[in-house]
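I opened this model to look up its fold and its metal site. My entries follow in the order in which I looked.

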Amino acid sequence: MKCPFCDTEMLAGYLNCGTMIWSERKHKVSMLPGLKEKYALHLEAPLLHPHYIESHICPKCKKLILDASDYENNL
Ligand SMILES: [Zn+2]
């Protein structure tokens, strides 16, 4: 896969993580989405810690691309 930003060949690997949430705001206390939150995506697998998300990274500009289609969002 070529990096869509700088066209360098990307490296396949894993984002090694615990509980993560992608959100439009900073979650300083809880990893649960709030009622006013328009969109939040949980990047975790319950009961599996640590967790590994398949992804590609650009070694040059360090952009990271991951497929989160298997994860739950709040919509
Ligand atoms: Zn790049």
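Entry 1, fold. I read the elements from the N terminus on as β-β-β-β-β, which comes to zero helices and five strands (DSSP runs numbered from the N terminus, H or I of at least four residues for helices, E of at least two for strands). I note that this is a predicted model, in which local features need pLDDT of at least 70 and side-chain atom pairs count only at pLDDT 80 or more, while totals for chains, interfaces and linings use all residues. Residues are numbered from 1 along each chain as its sequence is written, and side-chain values use heavy atoms, with hydrogens and water left out.

I found the zinc ion coordinated by C3 (SG), C6 (SG), C58 (SG) and C61 (SG) at 2.2 to 2.4 Å, where donors are N, O and S atoms within 2.8 Å of the metal (3.2 Å for Na, K and Ca), and water is not among the atoms, so sites may look incomplete. Their spacing in sequence is C-x2-C-x51-C-x2-C. The arrangement is tetrahedral because the four donor atoms subtend angles of 100 to 122° (for four donors, all angles must lie between 85 and 135 degrees).

I looked up C58 and noted it as buried, because its relative accessibility is 1%, whereas C61, at 27%, counts as partly exposed (buried is under 20% relative accessible area, exposed over 50%, partly exposed in between, with a 1.4 Å probe and protein chains only). I57, which lies in strand β4 (residues 51–57), counts as partly exposed at 36%. Of the 75 residues in the protein, 24% are buried.

Definitions and conventions:
Four donors count as tetrahedral if all angles lie between 85 and 135 degrees; four count as square planar and six as octahedral if opposite donors are over 155 degrees apart and all others between 65 and 115; anything else is irregular.
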